[in-house]
Amino acid sequence: MTLTRPRVLVVDDERYNRELVQRTLARYADVLVACDLAEALAACAAVTVDVLITDQRLGSGTGTELAARVRAAAPQTRIVLITGYADAAAVIAAQAAGIVDDVIGKPFAPIALRQRVLGP
């Protein structure tokens, strides 16, 4: 019996944040990165993604916009939104509508992120 590692796509327009999340999860998952909406959608079209972690503020769109598109195309994908704007109406509405599975506020502790995304 083989255990497969989850495939995680991290989307953030800030390189430091992408790399932080990638380093945090690399031991436990296969991590892909994208810096904008177009790269993220291309990655999702090319491979199956188990977990999408996206920042809300992307230079080319929003995390909730990306989440809605991924949810429509791949409803089984777990979607986690990272935001420094946790009280934003769009984030709250996306979570209430089931587009986003979890919201993590910035700043976050890397260990807490890993536990919330992949479990203990």
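This is a predicted model: local features need pLDDT of at least 70, side-chain atom pairs count only at pLDDT 80 or more; totals for chains, interfaces and linings use all residues.

Colleague: Which residues of α5 are buried?

Modeller: The buried ones in α5 are Leu-113, Arg-114 and Val-117. They span an arc of only 95 degrees around the axis, and therefore lie on the same side of α5. As a general point, an α-helix has 3.6 residues a turn, so residues three or four places apart point the same way.

Colleague: And what comes just after α5?

Modeller: Just after α5 comes Gly-119, which takes a positive phi of about 95 degrees.

Colleague: Back to the partner helix, then: at what angle do α1 and α5 pack?

Modeller: Helix α1, residues 15-25, and helix α5, residues 110-118, pack at an angle of about 65 degrees, and their axes are 10 Å apart. That angle makes α1 roughly perpendicular to α5, and α1 passes α5 in a right-handed crossing.

Colleague: Which residues make that contact?

Modeller: From α1 the contact uses Leu-20, Val-21, Thr-24 and Leu-25, while α5 supplies Pro-110, Leu-113, Arg-114, Val-117 and Leu-118. Sorted by class, the residues in the contact of α1 with α5 are seven nonpolar, one polar and one charged.

Colleague: What about Gln-22, is that one buried, partly exposed or exposed?

Modeller: Gln-22, which is found in helix α1, is partly exposed, since its relative accessible area is 29%. Leaving aside residues up to four places away in sequence, Gln-22 touches Val-31 and Val-33.

Colleague: How far is Gln-22 from Arg-69?

Modeller: Their C-alpha atoms are separated by 22 Å, with Gln-22 and Arg-69 lying 47 residues apart along the chain.

Colleague: Changing topic, how do α2 and α3 cross, and what is the distance there?

Modeller: The axes of helix α2 (residues 37-46) and helix α3 (residues 63-73) cross at roughly 15 degrees and come within 11 Å. Because of that angle, α2 counts as roughly parallel to α3, and α2 passes α3 in a right-handed crossing.

How values were computed:
Residues are numbered from 1 along each chain as its sequence is written. Side-chain values use heavy atoms; hydrogens and water are left out. Axes are lines fitted to C-alpha atoms, for helices over the stretch in contact, and angles run from 0 to 180 degrees between N-to-C directions. Helices (H or I, at least four residues) and strands (E, at least two) are DSSP runs, numbered from the N terminus. Angles under 35 degrees count as roughly parallel, over 145 as roughly antiparallel, 65 to 115 as roughly perpendicular and the rest as oblique. A crossing is left-handed if the near helix is turned anticlockwise from the far one by less than a right angle, and right-handed if clockwise. Contact means heavy atoms within 4.5 Å. Ala, Val, Leu, Ile, Met, Phe, Trp, Tyr, Cys and Pro count as nonpolar, Asp, Glu, Lys and Arg as charged, and the others, Gly among them, as polar. Buried means under 20% relative accessible area, exposed over 50%, partly exposed in between (1.4 Å probe, protein chains only). The arc is that of the directions from the helix axis to the C-beta atoms.
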